[in-house]
Each structure stands twice: as structure tokens, then as C-alpha cells.
Amino acid sequence: MNKVESFQNKLIEFSDKFDRLAVRYDHTVNNSSELENLIDEYSKFVTNRSNHEAWDLLGHYDSNDILQLVVDLRRKSAFCVAIMEKYRALKLHEGNAEITDYFKNIESCIEEEFGSFQLSSDSKVLLIGSGAFPMTPILIAKRTRAEVVGLDIDDEAIELGRSVVEKLGSGLKIRLEKRLVEKLEFTTEATHIIFSSTVENKYDILDQLYSLTNEHVVVAVRYGEQLKSLFNFPLKEVNAQKWKLVEQVTRPDHLFDIALYKKA
Ligand SMILES: C[S@@+](CC[C@H](N)C(=O)[O-])C[C@H]1O[C@@H](n2cnc3c(N)ncnc32)[C@H](O)[C@@H]1O
């Protein structure tokens with residue numbers, strides 16, 4: 001078997017495992033460890049430089065099956081990461097605050113989120129895709145005392161997220177809502193907006209945000225290209241009349257990179 005074939009087989013194996021473990025989520029921590037191990041393994045795989053060559057070679061195969069495999073993996077891994085955040089939230093309730101390699105990697109990304117557009121205690125931060133374990137709101141609010149609002153489309157993520165904030169972020173200005181950006185007053189006040197990397201329609205929402213936000217807003221879109229696009233929705237072109245890419249924060253060893261936009 002050549003290098004590309006074994007790489008492709010590894011992707012198929014990941015895809016099958018994501019399918020198998022996603023359906024085992026039963027709103028308890030019963031099946032957490034297998035999924036946590038898989039996501040830790042996948043995190044290492046997508047940041048492993050020695051996989052770059054096989055990824056590049058794979059790109060030369062103009063095959064619909066391979067394109068579909070990549071699209072499926074991106075969606076399946078996003079779905080499983082959302083479940084893993086639920087496991088972490090449920091474990092916190094049980095008094096177990098262990099932290100996996102995936103979460104360590106994500107938390108170290110948050111430090112540099114806004115590049116030269118730093119946050120202060122006066123900032124108003126909107127996070128789209130806050131998840132069941134809202135580490136971004138908690139870390140930002142703790143470090144800067146800024147006000148943070150997190151949005152999610154998943155009821156269970158909001159419910160678990162609120163209980164995590166109550167436990168780890170009490171006294172901080174954090175609010176989690178199941179609300180669309182256009183239905184939220186805070187959207188117009190936001191000084192900084194962050195898109196979670198695993199929000200598939202982030203560029204559609206960014207386009208929509210143009211008319212809903214103030215002129216000074218800075219938007220951080222988390223993304224992953226090439227090998228990292230197996231675990232992140234990649235960059236897209238923006239309407240140049242609306243948004244301008246002003247800075248990119250790229251870190252090869254981190255799970256996602258960050259593109260910063262301001263109004264054109
Ligand atoms: C798992 S979390 C955060 C994951 C990771 N920390 C990151 O940066 O991508 C991603 C959350 O985004 C939510 N989500 C997906 N699409 C969304 C959308 N259009 N609006 C709001 N939340 C969304 C999911 O329900 C999920 O809870």
C-alpha cells in the first residue's frame with residue numbers, strides 16, 4: 001500500500017469511528033472515554049507535520065469520493081466535538097474536572113485570538129457557537145473582565161453551558177442564549193465577535209453581520225486550511241464591499257487558525 005492509500009484508509013477509519021461513537025451519546029458520561037481518545041488522536045493527526053505530504057498528494061487525485069470523505073469528516077468531527085463538550089460539562093457536574101489534550105490545545109489558542117486588536121474590560125464580545133463547555137467566554141471574561149454573550153443553536157449545549165458558567169465563571173459577565181444574531185440587541189453593541197471553527201455557515205452569518213454591527217467591530221473567524229480543514233471549516237472569500245481581512249494569526253501546532261476582519 002502506498003503512502004496516499006494508507007492515509008486515505010486512515011481517514012476512512014476515522015470517519016467510521018466518528019459514526020460509531022456519535023450514536024453512543026446518551027446524555028450521560030457512559031461512553032465518554034472512547035470519544036475523547038478518538039478526538040485526541042484526530043487532533044494529533046491533523047496537526048502532525050508528517051501528514052502534510054500525504055495530504056498534498058491526496059489533493060492531486062481529482063476524485064469525488066475523496067472530496068466527499070473530507071467534507072464528511074469535517075461535519076462528523078464537528079458533531080463529535082460538540083458531544084465531547086457535553087461529556088466535559090457532565091463530568092464537571094460529577095466533580096470530575098479532567099482536561100483532555102484537545103481542550104488544552106484549544107485553550108492555548110484563545111490567548112492570541114485578537115492579534116493586535118486586544119480586548120479590555122470595556123469590550124463586548126459575542127461568540128457564535130459557544131458549546132456545552134464554554135471555555136472561550138470563561139477564559140475571556142476571567143482574564144479581561146469583558147462582557148461576553150455566547151450563542152448556540154443546540155438547547156442542550158445552552159443548558160449545560162449555563163451550568164458550567166455558574167460553576168466556573170460565577171460573578172463574570174457571561175450570558176448564553178439560543179438566539180439568532182439578528183434577534184439579539186447585543187449584536188449592535190459588540191466590539192469583538194468570534195466564530196467557532198466548527199460553525200459550518202460562519203461566512204453566511206458574517207455576511208449578514210455587516211448590516212447588524214457597528215463600524216468598529218472586529219470579527220475573528222476561527223478556521224483551518226489544508227490538513228487542518230479535516231477538523232475545521234476553511235476560509236472563504238468575503239464580499240470586499242463589506243469585509244476586509246486585516247490580520248491572520250496562524251499557528252501550525254494549534255488546531256485552528258484565526259482570520260480577523262474589519263468593515264471595508
Ligand atoms: C463544540 S462548540 C465549540 C467548538 C470549538 N471550541 C470551536 O472553536 O469550534 C461548537 C458549537 O457551535 C454550535 N453551532 C453550530 N452552528 C451554529 C450556528 N450557526 N450558530 C450558533 N451555534 C452553532 C454547535 O451547536 C456547537 O455547540
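Analyst: Happy to. Let's start at A89, which, once its neighbours within four places in sequence are left aside, is in contact with A132, F133, L160 and V164. Please keep in mind that this is a predicted model.

A89 itself sits in helix α4, which runs over residues 64-93. Is A89 buried or exposed? A89 is buried, because its relative accessible area is 0%, and the cut-off for buried is under 20%. One of its contact partners, A132, is 43 residues away in sequence, yet the two C-alpha atoms are 6.3 Å apart.

The protein chain is split into domain 1, covering 3-102, and domain 2, covering 109-263. The contact between the two draws on 30 residues of domain 1 and 28 residues of domain 2. Their C-alpha centres are 22 Å apart. If you set the residue numbers against those bounds, A89 falls within the range of domain 1, and its partners A132, F133, L160 and V164 fall within the range of domain 2.

N96 and Y261 are 165 residues apart along the chain, and their C-alpha atoms are separated by 38 Å.

Next is helix α5, residues 101-110, which holds K104. K104 is partly exposed, with a relative accessible area of 45%.

H27 belongs to the loop between α1 (3-22) and α2 (32-47), and its phi is near 65 degrees, a positive value in a residue other than glycine. Q226, in the loop between β5 (218-223) and β6 (243-249), also has a positive phi, near 45 degrees, and is likewise not a glycine.

Stepping back to the whole protein chain, its secondary structure comes to nine helices and seven strands. The radius of gyration is 18 Å, close to the 18 Å from the globule rule for 264 residues, so the chain is as compact as a globular protein of that length. Along its principal axes, the C-alpha trace spans about 55 × 50 × 30 Å. Buried residues, A89 being one of them, make up 52% of the 264 residues. Of the contacts with a separation of 6 or more, 76% join residues 24 or more positions apart.

As for the surface, the protein chain exposes about 12500 Å², with carbon and sulfur atoms supplying 49% of that area. Its charged side chains number 34 positive and 43 negative, and the centres of the two sets lie 3 Å apart.

Conventions. Residues are numbered from 1 along each chain as its sequence is written. This is a predicted model: local features need pLDDT of at least 70, side-chain atom pairs count only at pLDDT 80 or more; totals for chains, interfaces and linings use all residues. Side-chain values use heavy atoms; hydrogens and water are left out. Helices (H or I, at least four residues) and strands (E, at least two) are DSSP runs, numbered from the N terminus. Buried means under 20% relative accessible area, exposed over 50%, partly exposed in between (1.4 Å probe, protein chains only). The radius of gyration is taken over C-alpha atoms; the globule rule is 2.2 Å times the number of residues to the power 0.38. Contact means heavy atoms within 4.5 Å. Accessible areas come from the Shrake-Rupley method with a 1.4 Å probe; for residues, only the protein chains shown count as cover. Lys and Arg count as positive and Asp and Glu as negative; His and the chain ends are not counted. The place of a charge is taken as NZ of Lys, CZ of Arg, CG of Asp or CD of Glu. Domain bounds come from an automatic or database domain assignment.
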